Amino acid sequence: MLIRVRRASQARESEVTPETVYRQRRQLMRAGLGLAGASLAGFGWLPASSQAAEWPDVPPGPTPPWLLAKLATTRRKTVVPADPVRDVVTPFGDASQYNNFYEFGSDKDDPARLAGRLKTDPWSIRVDGAVHQSRTFALEDLIGADQLQERIYRLRCVEAWSMVIPWIGIPLASLLGRLQPLASARYVGFQTLQDPAQMPGQASSTGLIDWPYREGLRLDEAMHPLTLLVVGNYGRVLPNQNGAPLRLIVPWKYGFKSIKSIVRISLLEQPPATSWNRLAADEYGFYANVNPKVDHPRWSQATERRLPNSLFHPNIIDTRMFNGYDEVASLYSGMDLRRWY
Ligand SMILES: Nc1nc2c(c(=O)[nH]1)N[C@H]1C(S)=C(S)[C@@H](COP(=O)(O)O)O[C@H]1N2
Ligand SMILES: [Mo]
């Protein structure tokens, strides 16, 4: 079995490449010109041919013109994963076909099969609660003039598998700054779209979740510079199965905190009820910080299966406290993280 090992510099993902250049590059690569093609394009992004093979080989979803323009000027601000050997960017194929998005079903391949029907443009987001002014935004206005940033983050699911994904978005702190929360605001609540006509998982009577899917953060967690509101990944518009057109990414917490397809953001004085916590409070806490020392009642959280893996290359690695993002530790100083799991 081939174990891919790359230099640290290669663990950094793309400069965002305009779609036409991207297509040309793919064609050149298929024609066997790989590296020559990439440098001909003149973007200073020099993929190893193995890495180029991981770049999405499928057309991006329909992208509204405002977002296409914004994506083209994305600033790369890579949070370099700590271990250059194991923290290799997960191939797009895995990131877009092995998903949790219960609105489309509970099997890992349900979202990729069924989320295509979700209409993501136009999209509006209600902002309410303890905020200067409650109002409904078109997605474009919510993102505002902020420049998009690309960040490569580890994603650790509570089910003990993980990936490394290049996201594109804006810091949530930037949006909150513009919204002007009132002094009484202590938490931020988020809700996913509820529309059984588009989301078959919400129509099935066997569903566990009391829709809509809800998540929440303490305000200081929401304001942390690592917390991202995401509109893209792998240099493109977010595939629907990854939570288009707008999702949260909180890289030091278990994946279920990173709520998809957001339609409502509320500034709150009390912690909001959150979906998995309501379902099984002893298994899924409100904080849900990645913590190798606090096991899930039914399985260990000490290790994780890093995708892609196989029978011959199981790729089991140690899980790190806060998923390796030590800079968030001060948010929890003085808290017993066994109690506040
Ligand atoms: N609305 C909604 N958001 C969700 C989920 C979901 O079922 N519904 N699943 C969560 C879980 S458990 C994980 S691990 C991540 C997976 O994100 P990905 O499919 O983009 O990797 O999304 C999270 N966000
Ligand atoms: Mo998850």
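How do the residues of the lining of the largest pocket divide into nonpolar, polar and charged? In this predicted model, the lining holds 20 nonpolar, 10 polar and five charged residues. Here Ala, Val, Leu, Ile, Met, Phe, Trp, Tyr, Cys and Pro count as nonpolar, Asp, Glu, Lys and Arg as charged, and the others, Gly among them, as polar. Residues are numbered from 1 along each chain as its sequence is written, and chains are lettered from A and ligands numbered from 1 in the order in which they are written. Local features need pLDDT of at least 70 and side-chain atom pairs pLDDT 80 or more, while totals for chains, interfaces and linings use all residues; side-chain values use heavy atoms, with hydrogens and water left out.

The largest pocket contains about 600 Å³ of space. A pocket is an open set of points on a 1 Å grid over the protein atoms alone, where a 1.4 Å probe fits and protein lies on both sides within 12 Å along at least five of seven lines; lining residues have an atom within 4 Å of a point. The volume is the space filled by probe spheres set on the points, which are joined across faces, edges and corners. Of the 35 lining residues, Gly61, Pro62, Val237, Leu238 and Asn240 lie nearest the centre of the largest pocket. Two or more lining residues come from each of helices H4 (65–71), H5 (92–95) and H7 (139–143) and strands S8 (228–233) and S9 (236–237). Helices (H or I, at least four residues) and strands (E, at least two) are DSSP runs, numbered from the N terminus.

The second largest pocket contains about 450 Å³ of space. It is lined by 28 residues, and Asn100, Cys157, Tyr213, Gly255 and Phe256 are the closest to its centre. Strand S5 (residues 161–171) gives the most to this lining, with four residues. By class, the lining of the second largest pocket has 17 nonpolar, six polar and five charged residues.

Ligand 1 takes the space of the second largest pocket, a placement that requires more than half of its atoms to lie within 2 Å of the grid points. Around ligand 1 are 17 residues, the closest being Asn99, Tyr102, Glu103, Arg247 and Lys260; a residue is counted if one of its heavy atoms lies within 4 Å. This shell has eight nonpolar, six polar and three charged residues. Among the polar contacts (pairs of N or O atoms within 3.5 Å), a polar side-chain atom of Glu103 lies 2.8 Å from a nitrogen atom of ligand 1. A polar side-chain atom of Arg247 lies 2.6 Å from an oxygen atom of the ligand, and a backbone N or O atom of Ser258 lies 2.9 Å from a nitrogen atom of the ligand. The protein covers 99% of the 540 Å² of accessible area that ligand 1 has on its own, by the Shrake-Rupley method with a 1.4 Å probe.

Key. Polar contact = N/O pair within 3.5 Å; in protein donor to acceptor, adjacent residues only side chain to side chain.
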